[in-house]
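Here are my notes on the model you sent. Please read them with the structure open.

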Amino acid sequence: MTEQGVYKDPTSGEYPEYLIDMLKELTMADGVSGDEKPVRDFIIDQIRDRVDSWHVDNMGNLIAFKKGTGLNRKVMLAAHMDEVGLLITGINENGLLKFKAVGGIETRALVGKRVRIGKERVPGVIGCKPIHLQDAAERKSPVKKSGLTIDIGAKDREQAEQSVAVGDTAAFAYDPVEFGEHKFMAKALDDRVGCVLLMELFKNRYPFDLYGCFTVQEEIGLKGAKAASFAVSPDTAIVLEGTTCYDLTGTSEHMMSTRLGDGPALTVMDRSVISDRGLYKFITQTAEEQGIPWQVKRTISGGTDAGRIQVSGTGVRVCTIAVPCRYIHTPVSVMDKRDFFHALKLAEATLAGLNNWLRETYQNQSGGESNV
Amino acid sequence: MECRELLKKLCSINAVTGREDVAAQAISDILSPYCDEVKIDAFFNVIGLKKGQGENPRNVLVTAHYDQIGLVVTGIDENGFLRFSAMGGVDPKILGAQEVTVHGRRDLHGVIGTKPPHLISPEDADKPVKLEDMRIDIGYGAEQARELVSVGDVVTFKFPAIELKNNRMAGRSMDNRSSVAALVEILKELKRIRHDDNVYVAATVQEESGLVGAFMASWHIRPDLAIAIDVCHGDMPDAPSDESFPLGKGVAIAVGPILSREHTRACIGLAKRERIPYQIDAEEKDTGTEAAVYSSALEGIPTLLLSIPAKYMHTTVEMVSLDDIGATARLAARYIAFRDELLQEGDSQ
Amino acid sequence: MFDTIKKLVNAFGPSGCEKQVAEVITQMIKDKVDEIYTDAMGNLIAVKKGSGKKIMLAAHMDEIGLIVSYIDEKGFLRFGTVGGVSPLIALGQRVVFENGTTGVVWYEENLENMKDAKPDKMYIDIAAKSRDEAMKMVNVGDMAVFAGEPVEQNGRVISKALDDRVGCAILAELAMKRPETDNEIYYVFTTQEEVGLRGARTAAFGIMPDLALAIDVTRTGDTPSCTHRPVVLGEGPAVKVKDSSVIAHPRIRDRLVDCAKENGIPYQLEVLERGGTDAGSIHITAGGIPTGAVSIPSRFIHCPAEMIDLNDAENTVRLLEAFVKAR
């Protein structure tokens, strides 16, 4: 399976720690949509000896290539490097910074948080009016996003401008924490989990040509995936993601989306894509055969690069393997380490059997056509 | 032609989004004196080429959409009044008591009226008027109206551009004819300075109805750099300060996730060096302009977005400053010509 | 025409599962065209070869439906919508799965306001007594469509899925007529239109036609106290001016009107405020494809019982035949 050490069953409590360490480091790198460079540099460092070639395109997508040993088919794996964050949009007279959210962030997740801004990672905090000073009406009403500001401690605009500029991005400044039973908290699990999985999968060589696309700007509209899939023009693609999980007490079963600990989640349908039925079936069968726990995403919600990839060119067969993350798109997203390792196992097992599936599916012609 | 007169002329052209076919030639005639060649494509994008003097010229694409919002006739009622729907983002609030031109079998003068205050009850006065309840009065009875007008005919607002203080002008279609005026000024500037690269100057279609023209332009031209020119919100009393820009303070350079970091940095550097007044427009989403198309087109095109502040956007009294048009054009042209110097200075992506 | 429509609406084909519909169409037309194949998205593409212009005619095979997202311990199915299904209209309806399992759609009755009846407060009952029993009948991820037999009455048809099986029927009928022309005609039966005009995008990219027409239904404005719309049932195919996904290319729109006038075919002009068609993704494919649309007037779109006029359908075939022969 993997080069470093024996792969022990994660439910036994023993994990290949190096993967968790890798995830820690990768989540500590900052890469708000449009400013993915620190994440990309880290990944290039890790994979340069595992791939035949790699390049960075005009948008910043990192596209790595590993030639196949026989089967003339192109498989694309995608994970996005960008995370949700903030964009500094103005600097007030009093030195406070106005901002807008890059990607979907709920206002309630922003109040009372630490951020770091720009290349220099200037620290700042998002404050709000103390409860003592709020009148009755204010206490009952939600906070308005437009009223929030970042305070870097500057006394006026001039001082602030020495450290930050309009157009800088700010990421949540939260360090990863392992806690509870098998739990792991970090910002940007969406989608550093996918990136780590993809880096790991490059350790093997497969019969088919493998294009690993670490995409940009997913959180603001699946943009990087559009350019990457146009360039690669794959036959099949599997997207590795972090997905929503809201399995708290009181949530109806069908509204949870996914449950922590139930294994990697497969998507039949979300708002961006209906997974290729054949590929979905193949992946679930693989999971069953190998005894890998898995779950189906229970809500038809959200969107991923899979949607953008599917409709590129003459069409791509796609499916998504995702790690459930509670509190996704906040600084304190939480995953279960077992789900993460099972996702890796599932991805590895899928790729191991994929060439047979590809052969069957594309048996009639070349170039993506078949009698369905 | 001076910018003032050029802008007046551009604003008088009727090119409702999706019906640019009637205006393409006029736009082409305006661009052609400054280009080596001009083409009108199957969708009525007008694409001019000014060749570069370099040995290995790259391709730069500068675009400004020339379509405007308007209305479309959806029915003629039994009294000859016309029902209508919007073409592009039209706010029903601006329609009351407006003069329009209905482009039927011939151009017809029309009026969208409102109920006189004497007949409006206090409750009604507070309610917004719905577009589907409004009618265009062309002064004809049903039979004649049906002869002259058919479902699908487009309607434009009648509001010739007027000059105001401070070098400002107001009228309909400043979104985006002010940018088209900037295109002409860019071409004029490029005639004065030496530039290595081929510059494709494109007046594009259907931005207001889905950024359509941009798809065609990027596919066929495949530039190394795309510069989109559009309008952004000018400063108004109740607009948020980080989403609106004072008139007369220069071109708004957009920064944000979909714009090329490298190029925006270099462009700001150039503006400083050349003392071209500029402002920074932080865009956290995809900007809602053609820049959104270019940045992820094909394998991705490095994109810049330069905007001219315009107050009262999508109304009949859109207002811009001629100074800002000048600043936009000067910055764009000089960036095209001199960017390599500045790109070397800055750190790369 | 009714028989063709009947065969097509009876085929099971929610977005992403159009195989059955594709098979029915293939049987109908495979001997009348030069080539027929499907692509990676499941689009069915039939070609009448020629040396002239490449014309793409697109009608979508998929219908709206419901997708099972979760099966609770009592055997009730929770669902999401596939395409534009109005929860209120689905309420109390009979739905059917590919394997014939029938279900009833209902809602959590302690809801205070009917307006809050959204899919997360609704469920499908397939008469299973437990999760285990339900799982013998359906799986999470399975889709169901509205049930109902098509009826012909007064020259009109009442049926589910006329959107857009009537469009498919029209294309199939046209293909079977074998129009004589030098132009190369691509009859494209697309997938996943209802969830985002998806199949048409990849089909158009693969074909790269010189021009294209989408054939779909459009809403009429001729029922009591309805929203004003210019199109009326029975007054002929509607030549599209615009909808929310596309503004028809003016030259194509003019050409369609000319064809109608020259051949004495009744026609109307269509402006649709809310609603999109495959034309919306075809026209911005690659470097742009001049695209228009011909629409079949229809009432009660996206309801279990839609209505079209058979004369409108026949006239649409005539109009398309005239159009593909022209130029």
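The points below cover the model itself, the chain contacts, a helix pair and an annotated site.

1. Ground rules. This is a predicted model: local features need pLDDT of at least 70, side-chain atom pairs count only at pLDDT 80 or more, and totals for chains, interfaces and linings use all residues. Residues are numbered from 1 along each chain as its sequence is written, with chains lettered from A and ligands numbered from 1 in the order in which they are written.

2. Chain A against chain C. Here 22 residues of chain A are in contact with 25 residues of chain C (contact: C-beta atoms, placed from the backbone, within 7 Å). The chain A side has nine nonpolar, eight polar and five charged residues. Ala, Val, Leu, Ile, Met, Phe, Trp, Tyr, Cys and Pro count as nonpolar, Asp, Glu, Lys and Arg as charged, and the others, Gly among them, as polar.

3. Chain B against chain A. Contacts join 20 residues of chain B to 26 residues of chain A. The chain B side divides into nine nonpolar, six polar and five charged residues.

4. A helix pair in chain C. Helix H1 (residues 2-9) of chain C packs on helix H5 (residues 162-177) of chain C at about 130°, with the axes 9 Å apart. Helices are DSSP runs (H or I) of at least four residues, and strands (E) of at least two, numbered from the N terminus. Axes are lines fitted to C-alpha atoms over the stretch in contact, and angles run from 0 to 180 degrees between N-to-C directions. The angle makes H1(C) oblique to H5(C) (under 35 degrees is roughly parallel, over 145 roughly antiparallel, 65 to 115 roughly perpendicular, the rest oblique). H1(C) contributes Thr4(C), Ile5(C), Leu8(C) and Val9(C) to the contact. Residues on the H5(C) side include Arg165(C), Cys168(C) and Glu173(C). By class, the contact has eight nonpolar, one polar and two charged residues.

5. The annotated site in chain B. An unreviewed UniProt entry lists His65(B), Asp175(B) and Asp230(B) under "binding site". Such annotations may be inferred rather than shown by experiment. The three span 166 residues in sequence, yet no two of their C-alpha atoms are more than 8.7 Å apart, so they gather at one spot.

6. Asp175(B). This residue lies in helix H5 (residues 174-192) of chain B. Asp175(B) is buried, with 26 other C-beta atoms within 10 Å (buried: 20 or more; exposed: 12 or fewer; partly exposed: in between). Its contacts beyond four places in sequence include Met313(B), His314(B) and Glu318(B).

7. Asp230(B). Strand E13 (residues 225-233) of chain B holds Asp230(B). Asp230(B) is buried, with 25 C-beta neighbours inside 10 Å. Beyond four places in sequence, its contacts include Asn176(B), Ser179(B) and Glu290(B).

How values were computed: Contact = placed C-beta atoms within 7 Å.
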